[in-house]
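Hello,

I am passing on the structure we spoke about, for you to look through. My notes on what was found follow it.

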Amino acid sequence: MEMLNNLLLGFSVALSPFNILMCLVGVLLGTLIGVLPGVGPVATIAMLLPITFNLNPIGALIMLAGIYYGAQYGGSTTAILVNLPGESSSVVTCIDGYQMARRGRAGPALATAALVSFFAGCVATLIVAMFAPPLAEVALKFGPAEYFSLMVLGLVAAVVLAHGSLIKAIAMVVLGLLLGLIGTDVNSGVLRFAFGISELADGIGFVVVAMGMFGIAEIVTNLEHTGQREVFTKKVTHLWPTKEDFRRLIPAALRGTFLGAALGILPGGGALLASFGAYTLEKKVSKYAHEFGQGAIEGVAAPESANNAGAQTSFIPLLTLGIPSNAVMALMIGAMMIQGIAPGPQVMNERPQLFWGMIASMWVGNLMLVVLNLPLIGMWIKLLTVPYRLLYPSILLFMGIGVFSLSNNPFDVLIMAFFGLLGYICVKLECEPAPMILGFILGPLMEENLRRAMLLSRGDPLVFFQKPISASFLVVAIILLAIIAAPNIRKKRQEVFVEET
Amino acid sequence: MKRALTAIALAAAAGAALAQGWPSRPVRLIAPYAAGGPIDISARLLAGKLQESLGQPVVVENRPGAGGNLGVEMAAKSAPDGHTLVIGAIATHAINPTLMGSVPYDPVRDFRHIALMVQVPNVLVVNLDLPASSVAELIALARARPGKLDFASGSTGSTGHLAGELFKQMTGTYMVHIPYKGAAPAVLDLVAGRVHLMFDNLASALPNIRGGKVRALAVTTKKRSSFLPDLPTLDESGLKGFDMTTWWGVMAPAKTPQAVVERLNAEILRALEAPDVRERLRAMGSETPAIRTPEEFTAFVAAEGRIYAELVRRSGAKPD
Amino acid sequence: MRINSEKDFWAGLMFMGFGLAFMLIAIGPPAFLVELGGRAGWKIEYGYQMGTAVRMGPAYFPTLLGGLLAVLGLIVFLRSFVSKLPKAATEVRMSFNVVDLAIGIAIYAVLAWASKRVLGNADWGMMGASVVLAVLAFAFRPKAKPLVLVIASCMVFAYLLKPLGLVLSSILLVFVAALGGHEYRTKEVAILAVALAVFSVLVFVKALTLPFPIWPEFLQ
């Protein structure tokens, strides 16, 4: 079978001593920056680009890829331990992961994250190996109308993430959408909502908002409740998930993996939707839906498997079409161009060692990461026992450094402080930050696709229903909205006293 | 009069003295675009080589924003001691000043234009299913179907966009402009057939042309590209005088001493000729620019500014 | 009318405020406000083009969303009067009130504007405002200490990083942040500050080659 030959070729490349070393360096570095709040893979890869000039191209790309998915692993660590999402994909993990940590179950949470990520990585690598070219064709079928409808569906899913008041969650999503629009408008070039501040011309970065709303708000609220910090240092039970845990997380991981793999292929931001799509799906089908938001293990397994699967499959548009799915992929294209490799459809045929070597090394990298991260869990747990008064200044410092390093501008830190204040107020008013962040990420993308679809259809709004893929997304979104709204209305009438946690 | 002369003499002496000791600390090369893009990559390539010859680290600082204006403005306002350089591009120095109404710097007077690094042509590429295999056929098609053809570009005000507008003007056709965030998603839609044509830059178009995913009709420069020698130019195809490239080069704040400028010019040109740098720049579709001296570069920037000011105004390529 | 749910009351107001603000900026303020602003020396943005449904202008989507947000905010606001939840669950326990917030914003605005006028950029003004607010918090609103000091520590760090270098600004951040906590022990904080500064230099500047100055400018 040809695929077997290809995989053998790939492994022979990936397992060469130099490439193994590159992979190790990459995942180590990736984990480190994933764990440090604020510093992300984009900044790191950009800085390391010059070093890759002098390296063998395959090795260089293996290292950079390792940094990317290594950062995913690291990002879930901080999401679980301190409620700080390192990447947009870890936002969802914060919800249940952090709650699990608060209840002394940080160990199982971290182990779950590592294990399901590995599983998802393996499966996704296999999918990439088997289906890369036909999947690329699917990616081509997604035009602006399809993306817009997918994002509408994604936003409806974001509302499901909330476990409090439905209306306030929707309002937070809309607020996020609006805040995401700050900056230069793609279609017209007009600078919106920026009050002439040129630093805002490219909008507000995700990292800045996340650090502010999650990081600063969390630290301040923790400082205000002195006594309750002891929850963390309370007896930390097993470091490993129980049998019961495994029984619950396996189906969640399976669903998450396939959903994530599917969404990761879409170049226009599909991988973002992977984690919260998986979370929503899980919440809807799980028997333990009531536990979601309080530390349900499925709430960690589903998004983590989805985002890792999505991370692997997002290499497909890069390697087959030469289209970057996100900022990191754009950097990878840069790295390839430096090496004189023109990314595009011919890479697979002209440079099979590169293509299959990278795919095989993704598996190797995932293996390294799980081997690396599992023993570290003990260390992370110890970290939680550090008195908070020593922990939080450290977190603040790393956040400050990370945010500052984004564009070497103190202005970003100012914005982070603003979002810190906003986050604090929102927490006090019981408005949840997670839906807002997701709206923030999707807002500009949605508008861009909406306008482009309308432009291409010359103003015909029915185009969203005329295209089959787009129509199906919208229909699912409407159904989902109905499902969410109905029980809420019923619940309001019955359990008026116990609506909010 | 004597005072003025003394001042000039002192300044020159100071300039020379400065140049002697220059560089005395790490040099900042501001890349006003996001990391990973062609401008950023070429900046890093150059920085690596310059480090060796200057003896001090040359650090690339990404300052993306406002189409490049942010980084450029920062550089214009920096101390002119030769330790701050910036990559100025056609966007920041020729197009944006008119497109955005005003920019917080003067592209000619606030800078010393040290060396032109890269000049890349754009290529007119069409979707394979479009029934046009030459520029003439395309023009006929566009005239037969006014308003029905869509042309994509990487952003409003990019050379791809303006090339399209100029094309429309010179041929008297009406096509709808569809802006994207970057060349990559635009190319994706072009290949998929959601848009019909694009004036893509050579670096991004070459792999797709070679891979048979799109059909190339012409280049936007007056001279044929050495990468696609069989491809006619738009000038040859009936649009007389059509000559557009995307370019960028190294600049410094206006009052940077002459001695520093001259030394930098020499070093940069030498770095650009190093085989590995040249190789990689060629991979981007760039040919070695004909413009070598700072004076030529300044004249070039001024000329481009005038051309694009006129073009932007005529095409009405302004915010919706 | 009694406010049954304080949280919803303020949340509703917040949403309405944001929604209307975005709408107003997108559509553009009414003519008389622009004139007033013009006389006070402000250049008020005129608003963006609406465009049509075919060619949506930059104002289209924001206006739509802003309106939606305002409506949602109104619903939440009205709901706060009829909520049947227990008082304890809906009380807002913030360390400061609306007036404090307004004063805080005013201080920032004034100092930033003044610093821009005098020095050309707003940086020192922003930092100064943080310090002023920190002092005020200590004096008048001790419960707001964590919020104000955590934010102040970030501002101090950010604006002093270039002039003072990584080591000094990190140490400052740690001290200011620690002041916002409950158990402040000078010696402990000092050790932590130095340790973190060293760690940061090693990891961020040496290992990750981030372009931060380590020492102050005047020592270069």
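**Notes on the model**

Helix 8 of chain C, residues 186-207, has 22 residues and reaches 30 Å from its first C-alpha to its last, close to the 32 Å expected at 1.5 Å a residue. Please keep in mind that this is a predicted model.

The buried residues of that helix are Val189(C), Leu192(C), Ala193(C), Leu196(C), Ala197(C), Ser200(C) and Phe204(C). An α-helix has 3.6 residues a turn, so residues three or four places apart point the same way. The cover over the buried residues of helix 8 of chain C includes helix 18 (388-407) of chain A and helix 7 (145-179) of chain C. Just after helix 8 of chain C comes Thr209(C), with a positive phi of about 50°.

**Where chain C meets chain A**

The contact between these chains takes 63 residues from chain C and 56 residues from chain A. On the side of chain C, the elements that give two or more residues are helix 1 (6-27), helix 3 (60-82), helix 6, helix 7 and helix 8. Helix 7 of chain C has the largest share of that side, 16 residues. By class, the side of chain C that touches chain A has 46 nonpolar, 11 polar and 6 charged residues.

One pair of helices in this contact can be followed in detail.

- from helix 19 of chain A: Pro410(A), Val413(A), Leu414(A), Met416(A), Ala417(A), Gly420(A), Leu421(A) and Tyr424(A);
- from helix 7 of chain C: Leu147(C), Ile151(C), Cys154(C), Met155(C), Ala158(C) and Tyr159(C).

By class, the contact of helix 19 of chain A with helix 7 of chain C has 13 nonpolar residues, 1 polar residue and no charged ones.

Is Met126(C) buried or exposed? A residue counts as buried if 20 or more other C-beta atoms lie within 10 Å of its own; Met126(C) has 22, so it is buried. Leaving aside residues up to four places away in sequence, Met126(C) touches Leu414(A) from chain A, and Tyr108(C), Ala112(C), Met155(C) and Tyr159(C) from chain C. Leu414(A), Met155(C) and Tyr159(C) are also among the residues listed above for the helix pair. The C-alpha atoms of Met126(C) and Ala152(C) are separated by 9.6 Å, and these two residues are 26 apart along the chain.

**Chain A**

Chain A has 22 helices and 2 strands. Of its 501 residues, 65% are buried. Among its contacts with a separation of 6 or more, 79% are between residues 24 or more positions apart.

Helix 13 of chain A, residues 298-313, has 16 residues that should span 22 Å at 1.5 Å a residue, and its end C-alpha atoms are 22 Å apart, which agrees. In helix 13 of chain A, 16 of the 16 residues are buried, so this helix is largely enclosed by the rest of the structure.

Two residues of chain A other than glycine have a positive phi and deserve a note:

- Asn83(A) has a phi near 65°. Asn83(A) is in the loop between helix 4 (57-82) and helix 5 (91-102) of chain A, and it is buried, with 22 other C-beta atoms within 10 Å.
- Glu430(A) has a phi near 60°. Glu430(A) is in the loop between helix 19 and helix 20 (433-456) of chain A, and with 18 C-beta neighbours inside 10 Å it counts as partly exposed.

**Chain B**

Chain B has 11 helices and 9 strands. Buried residues make up 54% of its 320 residues. The domain assignment gives domain 1 (2-120 + 245-315) and domain 2 (121-219). The centres of these domains of chain B, taken over C-alpha atoms, are 30 Å apart. Their contact takes 17 residues from domain 1 and 13 residues from domain 2. On the side of domain 1, the elements that give two or more residues are helix 4 (90-99), strand 9 (245-253) and helix 11 (294-315) of chain B. That side divides into 10 nonpolar, 6 polar and 1 charged.

Regards

Note on methods
Residues numbered from 1 in each chain as written. Chains lettered and ligands numbered in written order. Predicted model: local features only at pLDDT ≥ 70, side-chain atom pairs only at ≥ 80, totals over all residues. Domains from an automatic or database assignment. Contact = placed C-beta atoms within 7 Å. Helix = DSSP H or I, 4+ residues; strand = E, 2+ residues; numbered from the N terminus. Nonpolar A, V, L, I, M, F, W, Y, C, P; charged D, E, K, R; others polar. Expected span 1.5 Å × (residues − 1). Buried ≥ 20, exposed ≤ 12 C-beta atoms within 10 Å, placed from the backbone.
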